[in-house]
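Open the model in your viewer and keep the selection tool at hand. The stops below go one by one.

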Amino acid sequence: MEDLGGGVYRIPLPLPGDALTAVNVYAIAADDGVDLIDSGMALVQARERLTDALAKLGFGLGDIRNFFITHIHRDHYTLAVELRTTLRGQICLGEGERINLEAIREVHDGRSEPGFIAMLHAMGAEELAREIRLDMAPMLADPQPSLRWSDPDRWLADGTAIDLRSRTLRAIHTPGHTRGHVVFHDEPNATLFAGDHVLPHITPSIGFQPSITRDALRQYLDSLRLMLTLPDSRLLPAHGPVCESTHQRVNELLEHHETRLAQTLEAASGGPATAFDAAKSIPWTRRQRKFADLDPMSQLLAVGETSAHLEVLVARGQLTRQATLEGIDHYTVPGPALPVGADKDDPRPGCGLPGIAGRPRPSE
Ligand SMILES: [Zn+2]
């Protein structure tokens with residue numbers, strides 16, 4: 001546990017088997033209780049670590065007043081839901097996550113497949129989708145899904161002021177990493193509880209969520225630029241160490257995505273390419289690994305990221321997208337040639353048509 005001053009503490013909780021290794025929960029201590037930013041994952045080890053850390057501050061789990069959750073990913077949300085079943089803590093979550101919570105419940109009821117798997121068909125990665133389905137089967141057969149994915153007590157609208165008496169936080173919607181991600185800004189104390197929006201050592205995954213949108217990266221880049229319109233703050237991220245400047249890291253992330261956009265454009269410039277094709281010709285991770293050397297889950301994230309970048313290039317007019325009759329999206333540099341697989345007699349206007357089998361839900 002790290003004492004950050006002013007009654008704020010960083011409590012890393014374990015994520016066994018996850019490359020991230022830990023998720024930071026931030027405790028804000030007051031006279032009559034404690035508020036948490038994010039909760040950790042519903043695991044015995046995480047619950048024990050949180051219990052021990054709060055005990056050092058003179059609190060028990062029953063003293064938690066509120067869980068302010070940055071987004072719906074299980075390493076942030078699920079321990080709060082578990083603790084709420086027996087304790088008084090109230091859960092607050094950005095209202096943009098409603099659609100993701102509904103999609104998660106649909107998945108657990110067997111009514112649909114997670115968007116991040118269903119999307120792989122349109123991305124030209126059906127083979128990978130088959131592998132992922134096998135890998136994820138145990139996780140999707142979660143024994144208590146309804147408990148872990150129940151609604152929060154309060155949905156937070158953009159700009160909501162949260163009065164904790166010792167300080168006031170403002171919930172700011174920052175869609176991108178997920179549709180309903182929020183950060184909590186404490187302007188007078190120049191502190192940003194950033195969740196996974198701005199991470200110091202890695203780039204947050206884009207659009208890895210149950211209800212996917214083509215727009216995820218554009219939203220993310222807008223949400224990054226939004227941070228530059230606020231006064232610079234100390235960055236309290238959900239993974240990794242506390243950093244002095246949010247702005248510095250935001251600028252690095254913006255630069256990173258411009259580099260990736262250039263690489264993605266080049267990968268698609270050789271002819272009609274699917275997201276899967278393009279992902280295979282781009283280096284991955286800070287160690288510049290080949291796509292083929294990544295494990296299936298990392299490949300899924302890589303294909304999703306590539307697709308998100310391709311979509312920004314389409315929005316910028318640097319690429320066009322056309323779907324084949326099978327519903328597989330091909331991207332190409334605008335020009336006279338027709339993409340492979342496109343039918344020039346196809347009367348359907350444009351591309352990205354909804355209703356083709358296996359397509360992800362169209363974005364708004
Ligand atoms: Zn996350």
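Select arginine 165. This residue is exposed, at 64% relative accessible area; exposed means over 50%, buried under 20%, partly exposed in between (1.4 Å probe, protein chains only). Arginine 165 lies in the loop between β8 (161-163) and β9 (168-173). Strands here are DSSP runs of E, at least two residues, and helices are runs of H or I, at least four, numbered from the N terminus. The phi of arginine 165 is positive, near 70°, and the residue is not a glycine. Most residues other than glycine have a negative phi.

A word on the source. This is a predicted model, in which local features need pLDDT of at least 70 and side-chain atom pairs count only at pLDDT 80 or more, while totals for chains, interfaces and linings use all residues. Residues are numbered from 1 along each chain as its sequence is written, and side-chain values use heavy atoms, with hydrogens and water left out.

Next, select alanine 190, in the loop between β10 (182-186) and β11. Its phi is also positive, about 50°. Alanine 190 is partly exposed, at 33% relative accessibility.

Now go to the zinc ion. Its ligands are His71 (NE2), His73 (ND1), His177 (NE2) and Asp196 (OD), at 2.2 Å. Donors are N, O and S atoms within 2.8 Å of the metal (3.2 Å for Na, K and Ca); water is not among the atoms, so sites may look incomplete. Along the chain the donor spacing reads H-x1-H-x103-H-x18-D. Histidine 73, in the loop between β5 (64-69) and α2 (74-84), and aspartate 196, in the loop between β11 (191-195) and α7 (216-228), link distant parts of the chain, 123 residues apart. Are these two buried or exposed? Histidine 73 is buried at 13%, and aspartate 196 is buried at 4%.

Colour the sheet. Seven strands form an open sheet in the order β1-β2-β3-β4-β5-β6-β7, with mixed pairing. Two strands pair if DSSP finds at least two bridges between them. At the edges sit β1 (2-5) and β7 (154-156), each pairing on one side only.

Zoom in on β3 (residues 22-30) and β4 (residues 33-37), which pair antiparallel over five bridges. Alanine 29 faces valine 34 in β4.
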